[in-house]
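Subject: Structure handover

Dear colleague,

I am passing on the structure below for you to look over alongside these notes.

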Amino acid sequence: MQHSAGDSGASGRGSFELTGRTVHVRSMRTKAPEAVVAELAATLTQRERNHAAKYCFDHLRVRYILATGGLRILLGRYLNIRPERVEFRYGVKGKPSLAGSDHQFNMSHSGELALFAFTPECELGVDVERMRTVDDLFGIAAGAFCPEETAELRSLPPRLLHQGFFSLWTRKEAYIKAIGQGLYAPLDRFRVSLLPGEPARFVHIDGDAAEARSWMLHDLTIHPEYRAAVAYRDAARPLEIWETIEPEELLENGPRAAERPPVTAASDGV
Ligand SMILES: CC(C)(COP(=O)(O)OP(=O)(O)OC[C@H]1O[C@@H](n2cnc3c(N)ncnc32)[C@H](O)[C@@H]1OP(=O)(O)O)[C@@H](O)C(=O)NCCC(=O)NCCS
């Protein structure tokens, strides 16, 4: 898939290319010195700045600015345009996509991490969650997930319970983000695998096993304290995952880690 340069003012850094049907997964820490936050904030639109100003907690405002600015810089490098020229449009339930490009992307943030995925021409969703103590884990599972998923969760040994809960959560949220519905989509209408040793996959979607087979689901190993997943509607695509970077590594004069090759390349599972 090609995009013309079209904008001689693009970042001084090299551009990124999505070749064939590849899925690129990148992650970034959402903590940075104030000067770096200010540089990423400068890429935001007025609408995004107004949104940032509404956060009551500083750490959430900073996370939003870094994640949105980071997304703009990354997309700018895929499209070969300046980050502030990246134009988003929004689906009915708020899913952002690119105006005038067949690049698809999705973003998620939790704790101190932002996760980004990019691919050509296919619905795609990602979710990352920092694992934390959940008091009424089975109650939440019973209220939100399929009975079979809750039963599988109950069957896990206690040491795998929290990990299992967040695996379920991220696998399911990656799907509802891929279809753009977010939490408007009932989480108990589709089922994902959970048991240890079973690859991440959709078991059924609205009771339809064939529809489930037209989707791919991968767990993403980003950080030991986090669970993450990506879902997309296609046969298995080559998946490339980069090491987590610091926000300053995206700046024109920052260190160059964002240029490194991916640390993982897989076409089926990670
Ligand atoms: C999409 C949704 C599931 C994300 O939940 P979350 O775990 O809090 O957030 P994540 O960090 O995983 O993802 C957030 C990012 O997903 C993207 N996103 C937003 N809406 C989306 C949607 N409907 N589908 C897919 N992606 C979406 C945005 O990039 C967003 O980043 P931003 O919040 O910094 O703008 C949730 O916000 C939702 O259900 N939204 C639809 C309902 C709604 O709009 N509610 C508003 C309150 S009334």
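**The sheet and its surroundings**

Ala231 in strand S10 is the bridge partner of Gly125, where strands are DSSP runs of E of at least two residues and helices are runs of H or I of at least four, both numbered from the N terminus. The model is a predicted one, in which local features need pLDDT of at least 70 and side-chain atom pairs count only at pLDDT 80 or more, while totals for chains, interfaces and linings use all residues. Residues are numbered from 1 along each chain as its sequence is written.

S6 and S10 (residues 226–232) run antiparallel and are joined by 7 bridges, two strands being paired if DSSP finds at least two bridges between them. The open sheet to which they belong has 3 strands in the order S6-S10-S9, with antiparallel pairing. Because S6 and S9 (216–219) stand at the edges with a single partner strand each, one side of each is left without a neighbour in the sheet. On average, neighbouring strands of this sheet are turned by 15 degrees against each other, direction ignored (axes are lines fitted to C-alpha atoms, for helices over the stretch in contact, and angles run from 0 to 180 degrees between N-to-C directions). Helix H6 packs on the sheet and touches S6, S9 and S10, its direction making about 150 degrees with that of S6; residues are in contact if their C-beta atoms, placed from the backbone, lie within 7 Å.

S6 is largely enclosed by the rest of the structure, because 6 of its 7 residues are buried (buried means 20 or more other C-beta atoms within 10 Å of the residue's own, exposed 12 or fewer, and partly exposed in between, with C-beta atoms placed from the backbone).

**The ligand shell**

H3, S4 (103–110), S6 (124–130) and H6 (161–178) each supply at least two residues of the shell around the ligand, and the largest share, 4 residues, comes from S4.

**Helix H1**

In H1 (residues 34–41), the buried residues are Val36, Glu39 and Leu40. Seen down the helix axis, these buried residues fall within an arc of 95 degrees, so they line one face of H1 (the arc is that of the directions from the axis to the C-beta atoms). They pack against H3 (58–79), whereas Glu34, Ala35 and Ala38, on the other side of H1, are exposed.

With best regards

Conventions
Two residues are in contact if their C-beta atoms, placed from the backbone, lie within 7 Å.
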